[in-house]
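User: I have a model open and want to go through its packing. Can we take it one question at a time?

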Amino acid sequence: MFDRYPYWFTFFTVLGFRVELSAPSSQELYAKGIDTISSQSVCYPAKLAHGHIMDLVERGVKHIFYPCISREEKEDDTADDTYNCPVVSGYPEVLRLNMGILKENDVTLHCPFLQMGKFNNLLGGLYEELRGFDIPRREIANALYDAAFEQNRFRDEMRRLGEETLEELEESGRLGVVLTGHPYHLDPAINHGIPE
């Protein structure tokens, strides 16, 4: 959710939902969900997701949104495809089916299968997933447009800040270091302080 937070925050806020995030990742948060992890071979970010779900349930959140995203938007025309890894594509289902605390506390984990950048897929999938909230299809469509606008605004701002940084480095003669990775590497519990 790190790279898509502006999108989903805008989408749900426009529809009148209150967006609540789980606590920041930590060893303590990881420990909260450790007994619900069904496979030790899954990656650490997936294991952390169990603790994040536990945190939200413990705080009384009754609806948790964690979509299964099979494909991302194609941001580079030279890219072969936009498939996410199988964990991103389906792990929310693993959480939904392996965390008995959800059923025990009458919590719904909303994990529709969606493809980013495919408006009709998003609209249809989200309309079906949110059917119980009686939200008209047109309102969901408008919220998707607003969400895409905000996500693009966020990306433009990141690009602008990057260009400013490059200009500053060029003017000052200083060196810069570019760190690349997956969006979840923004999480301090995952990146182990490497950016610092």
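User: What covers the buried residues of helix 4?

Analyst: This is a predicted model. The buried residues of helix 4 are S89, Y91, P92, E93 and L95. Their cover includes helix 3 (44-58), strand 2 (68-71), helix 5 (100-104), strand 3 (108-110) and strand 4 (113-115).

User: Where does helix 4 bend?

Analyst: Helix 4 runs over residues 86-98 and has 13 residues. From its first C-alpha to its last it reaches 17 Å, close to the 18 Å expected. The helix bends by about 30°, and the site is P92.

User: Which residues does L122 contact, leaving aside its neighbours within four places in sequence?

Analyst: L122 is among the core residues with the most contacts inside that core. Beyond its sequence neighbours, L122 is in contact with Y7, W8, L114, Q115, M116, G117 and L144.

User: How many residues are in the second, separate core?

Analyst: This core includes A46, V57, M99 and L109. Its size is 16 residues.

User: Why does C68 form no disulfide?

Analyst: A search of the whole structure finds zero disulfides. C68 is buried, at 0% relative accessibility. A disulfide needs sulfur atoms within 2.5 Å. The closest cysteine sulfur to that of C68 is in C111, too far for a bond at 4.9 Å.

User: And C85: how far is its sulfur from the closest cysteine sulfur?

Analyst: C85 is partly exposed, with a relative accessible area of 39%. Its closest cysteine sulfur belongs to C43. That is too far for a bond, at 6.3 Å.

User: What is the angle between the planes of W8 and F11?

Analyst: Both residues lie in helix 1, three residues apart, about one turn of the helix. Residues three or four places apart point the same way, because an α-helix has 3.6 residues a turn. W8 and F11 are both buried. Their rings pair edge-to-face, 5.8 Å centre to centre, with the planes at 90°.

Methods
Residues are numbered from 1 along each chain as its sequence is written. This is a predicted model: local features need pLDDT of at least 70, side-chain atom pairs count only at pLDDT 80 or more; totals for chains, interfaces and linings use all residues. Side-chain values use heavy atoms; hydrogens and water are left out. Helices (H or I, at least four residues) and strands (E, at least two) are DSSP runs, numbered from the N terminus. The expected span of a helix is 1.5 Å times one less than its number of residues. The bend at a residue is the angle between axes fitted to the seven residues ending there and the seven starting there. Buried means under 20% relative accessible area, exposed over 50%, partly exposed in between (1.4 Å probe, protein chains only). Contact means heavy atoms within 4.5 Å. A nonpolar core is a set of buried Ala, Val, Leu, Ile, Met, Phe, Trp, Tyr and Cys residues joined through side-chain atoms within 4.5 Å. Rings of Phe, Tyr and Trp (its six-membered ring) pair if their centres lie within 6.5 Å; planes under 30 degrees apart count as stacked, over 60 as edge-to-face and the rest as tilted.
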